[in-house]
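Colleague: I am new to this structure and would be grateful for a guided introduction. May I put some questions to you, one at a time?

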Number of protein chains: 2
Amino acid sequence: MVVAGNPTALCSAYVTPLAWAEAQRPHLDELLIEQAHLEKKAAAAAVQFLFRLGDRTDAQKELSALAREELLHFERTLRVLASRGIVFRTLPPSPYAGQLKAVVAGTMPERLLDELWISACIEARSHERMGLLATALQPFAPEVAAFYADLCAAEARHAPLYAELAATLAPSAVVAARRQVIERREAEVLRQLPFAPRLHSGWPEVPGE
Amino acid sequence: MVVAGNPTALCSAYVTPLAWAEAQRPHLDELLIEQAHLEKKAAAAAVQFLFRLGDRTDAQKELSALAREELLHFERTLRVLASRGIVFRTLPPSPYAGQLKAVVAGTMPERLLDELWISACIEARSHERMGLLATALQPFAPEVAAFYADLCAAEARHAPLYAELAATLAPSAVVAARRQVIERREAEVLRQLPFAPRLHSGWPEVPGE
């Protein structure tokens, strides 16, 4: 399976401004705690797809390796928390993923196609925002900036894997139509959500900007 | 967290005879396909416990590492299948785990305690049977014997981790009582299940043996 391409193109209906990442500077502790939860959820999602795509022998190895990488990131995030004296704790999750999943089709195979596209979209958005955080935090917290830069590079491989799996589930016109629905929904969600110390929080656009 | 002890002691109410492993010799292809499914299910179980024990920061790292190891074993089993020209496919699962879970308590925290003990028990039984397979297959299929010997060593670390987590959830008398219920149930299940090309299949005892 060839996994390539620009991951940010998978969620291009909305472009996050650098100001979003700069506004996260006072909230690093909470953002890092959320990151640990996000990595654990990403691992669980990859394991679920391992079962849901259980008859796709070609995808089993890639999904298993992806789940292992997310678990490694989870453990690394726990170490970053420990090194900063932050206690890992539960957090109210961002409404982002739930609002995104509201557009998932009710029947198969479109349902699975949509869920894979949503995973591709979430990974692509994570990639974009981790890149922005790496830039915005560099002068302020270089070790956290380096952490996000490393994770950003990994996310760049995850989004296209999900997108390629989704693309095998239906004729290309169907796949393109579902992709458009999900990309537009994701942009709409990010424009409506308030700003918060969450990786997928909103950044309401100011009229005239 | 200290993880030690003899894992086979965690399921000592039934001792599998070497004859069970010798009887698996003609069924290696199916047994190996099942092994891939078992590793995937073991990884999913570890990921589920990561969430269910989400407030136990001390256990997060161990459970994440355990899930990663099960995923590595899954990928390794896929490579063994490929090297033998066996196509990975779905299989009817063994009734073992379902029958074992029939004794799980209906309320918390006993429910979680029971589920952790059952995982300890399954890992301990896997450890015992992989050891027997490594012995019984050595003259017949040395490369498969070596594969089971490697997996056996890893399972030896998994069972005590689950047992130690279970032991922290209730007073020691409660833990001991639930352990006894689960161990007895497991022995009963294995005595009643028929022999099959499954790692946790039965081996009905012959009267007088």
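Colleague: Does Arg56(A) count as buried or exposed?
Modeller: Please bear in mind throughout that this is a predicted model. A residue counts as buried when its relative accessible area is under 20%. Arg56(A) has a relative accessibility of 17%, and therefore counts as buried.

Colleague: By what turn can chain A be laid on chain B, and what kind of axis relates them?
Modeller: The superposition gives an RMSD of 0.0 Å, with a turn of 180 degrees and a shift of 0.0 Å along the axis. That is the relation of a two-fold axis.

Colleague: In chain A, which residue has the C-alpha nearest the axis?
Modeller: The C-alpha in question lies 2.6 Å from the axis, and the residue is Arg68(A).

Colleague: Which residue of chain B meets Arg68(A) in a salt bridge?
Modeller: Across the interface of chain A and chain B there are 2 salt bridges. In one of them the side chain of Arg68(A) takes part at 2.8 Å, N to O, and its partner is Glu75(B).

Colleague: Which helix supplies the largest share of the side of chain A that touches chain B?
Modeller: Both α2 (28-52) and α3 (57-83) of chain A supply at least two residues each to that side. The largest share amounts to 12 residues, and it comes from α3(A).

Colleague: How much area do chain A and chain B bury between them?
Modeller: The size of an interface is often given as the accessible area lost when the parts come together. Here 20 residues of chain A are in contact with 20 residues of chain B. Of the area buried, 72% is on carbon and sulfur atoms, and the total is about 1,900 Å².

Colleague: Where do Arg84(B) and Asp29(B) lie, and how many residues apart in sequence are the parts that this pair ties together?
Modeller: The side chains of Arg84(B) and Asp29(B) meet in a salt bridge at 3.8 Å, N to O. Arg84(B) lies in the loop between α3 (57-83) and α4 (96-101) of chain B, whereas Asp29(B) is in helix α2 (residues 28-52) of chain B, so the parts tied together are 55 residues apart in sequence.

Colleague: Does Arg178(A) count as buried or exposed?
Modeller: Arg178(A) is placed in helix α7 (residues 172-192) of chain A. Beyond its neighbours within four places in sequence, Arg178(A) is in contact with Val103(A), Ala105(A), Leu113(A) and Asp114(A). Its relative accessibility is 18%, so Arg178(A) counts as buried.

Colleague: How many salt bridges does the structure hold over all chains?
Modeller: Some salt bridges are linked in a network, which joins Arg125(A), Glu128(A), Arg129(A) and Glu186(A). Over all chains, the number of salt bridges is 30.

Conventions. Residues are numbered from 1 along each chain as its sequence is written. Chains are lettered from A and ligands numbered from 1 in the order in which they are written. This is a predicted model: local features need pLDDT of at least 70, side-chain atom pairs count only at pLDDT 80 or more; totals for chains, interfaces and linings use all residues. Side-chain values use heavy atoms; hydrogens and water are left out. Helices (H or I, at least four residues) and strands (E, at least two) are DSSP runs, numbered from the N terminus. Buried means under 20% relative accessible area, exposed over 50%, partly exposed in between (1.4 Å probe, protein chains only). Contact means heavy atoms within 4.5 Å. Copies are superposed by least squares on the C-alpha atoms of residues with pLDDT of at least 70 in both. Buried area is the accessible area (1.4 Å probe) that two parts lose on being put together, summed over both. A salt bridge is a side-chain nitrogen of Lys or Arg within 4 Å of a carboxyl oxygen of Asp or Glu.
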